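Here's a quick, friendly tour to read alongside the picture. Have a look at it first, then work through the points below.

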Amino acid sequence: MLLKVKTKIANEVATLHFDGVLDISTVESIQTSVNKLIDIHEVNLDFDKVTFVDSTGIGTISKILRKLNSEGVTATIRNIPPGVFEVFEILGLPEIFGEKVFQIKNA
Amino acid sequence: MGNLSKLRMWYQGSIRRKMTFKVAIYLSLILLSILGSYYYIFHHMFKFNETFQLEVTNLAATAASLIDGQVHNRLQTHPDENSVEYRKIQRLLQVFKENNSRIKSIYTIRKLNVGNKWEYVVDADNTKDHHHIGDNYTVIDQEVIKNENANNAPVAGHDFETDQWGTFLSGFAPIKDNNGQTVGIVRVNMTAKGIIKLEMGLGLWALFLFAFGLGLMIHMTYRAIKKSTKPLGNQNHPEKLNIKTGDEFKAFGEIVNQGGDLLFNEKRMLEEDLEKSKMERDKIFNVYKDVIYSVTQGKFNLLNESKSKSISCEGNVLTEVKIVHPGDVNTARELIHKVLEQEKYSPEKINHAMLCISEAATNVIKHANYGIMQIRKIDKGIRVTIADEGPGMEMDKLPNMVFLNGFSTKISCGYGFGIINKFANKIYLGTSRNGTFLAMDFLKVDTL
């Protein structure tokens, strides 16, 4: 698999660790692993081990954020590698969802 | 000889005569062959019936000859179903029936001394509703029995009979005592299942033959007419077809010619329209091409088909990959990574190129079923070409695709193009109904 997703849940807070690439071949598994979450009031997507994201991956992330927001779930994306964050920026995600949602990995 | 040439002259006299003659010949030939086949089929059907009648008569005769007339006669004075005589004859009939699966029922009857009445004597059947000795036998096949009585010879029923147990044919044969007197009659009913099936099969064949013959007749007639009118179709529009005056097809020819003229004019008008819309399209294309080119400062080039060819052939192919499955997008990325690393591009530049390739290959997966990506080495750097056989892009959506980034705009399709436009040094795009061709140049030095 090009992407591994590990889900950890504690006190109604879910942390999803992504390891791999987010593109057309993996977006379905991201969607599935998020859809599985129930009775959660906070979701953290950990991008520490994400090596590549393209606009298809970003499209799915934005869909997920929109859905979680509409359900009143707080969502953040953490440890985004700078190269990956560049794509987030080009496609205007921080502008839409707010700068606070995205946290860049410290070099 | 003289007669033959006269006949030939008559035959070639006019189209109508020729056609009538031909059609008549065809029809009679077909009719003859159908009638012949019918004769063959029905002849066989009668043959089957005859064979069947003979068989059932023989069965009845054999059964009758096995029955002792004396014993049978004794049942007249002692009508007892438990008597030794009754049992003996019944057993005999049962064995007879068991040995011939097509016998439906077998029993003996006899004529009473008074009136023209008949009664059952012994029935092979010993189930609940069998015919008991002394039961009244209704003579349906009276003719047969009369006949049989007069001649004292076995005989078959003329026709098949049908009751609740199926269709059968009956055979009758006299039981005689030692003096040669008829003391009773054996009746055998034989099922006619096989025969009925056979007859139905033959009937179907007859129907098929009839339909085939009819089809053949129509086909032949149609062909004769088509052949005769063929010269009409060979005309070269807008020239008129010349038909001899007095010919039967003159009027028809004129109508066809008029129709032809009409169609020809229609076609010319359509062609003019097409030409106009093509020019219109070319004009729009050229405007788009110029605008996009100047807005991107010479970065984005729209191509027509001939130009696409020269772009796709420049330089040498380093590697190639088919884009069919989502997994192929990753393969394409890895390939460009490898090539650019070998060419000593900066890691940032490599990442950007990978992003562009990912977008382009994803478009193939989303909008076309199949595409081929080639990585080529050209003078100033690396060119990646992707060709698919998808439905092509709509020209008027192109500016939005190229210049509007992100999801804040309502146009969600084609944001990949924004990325490609940002990171590739030069872009060539050709799109038509036959597919889309995209080339991206990644130059080692960021200059145009």
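Lys176(B) sits across from Thr182(B), a residue of strand S7 of chain B. The model is a predicted one, where local features need pLDDT of at least 70 and side-chain atom pairs count only at pLDDT 80 or more, while totals for chains, interfaces and linings use all residues. Residues are numbered from 1 along each chain as its sequence is written, chains are lettered from A and ligands numbered from 1 in the order in which they are written, and side-chain values use heavy atoms, leaving out hydrogens and water.

**Strand S6 of chain B and its partners**
- S7(B), residues 182-191, pairs with S6(B) in the antiparallel sense over nine bridges; strands pair if DSSP finds at least two bridges between them.
- Five residues lie between S6(B) and S7(B) in their hairpin, and Gly180(B) in the turn has a positive phi of about 85 degrees.
- S4(B), residues 155-156, is also antiparallel to S6(B), over two bridges, and Val155(B) stands opposite Phe172(B).

**Chain A at a glance**
- Chain A has four helices and five strands, in the order β-β-α-β-α-β-α-α-β from the N terminus.
- Of its 107 residues, 50% count as buried.

Technical notes: Buried < 20%, exposed > 50% of the residue type's maximum accessible area, 1.4 Å probe, protein only.
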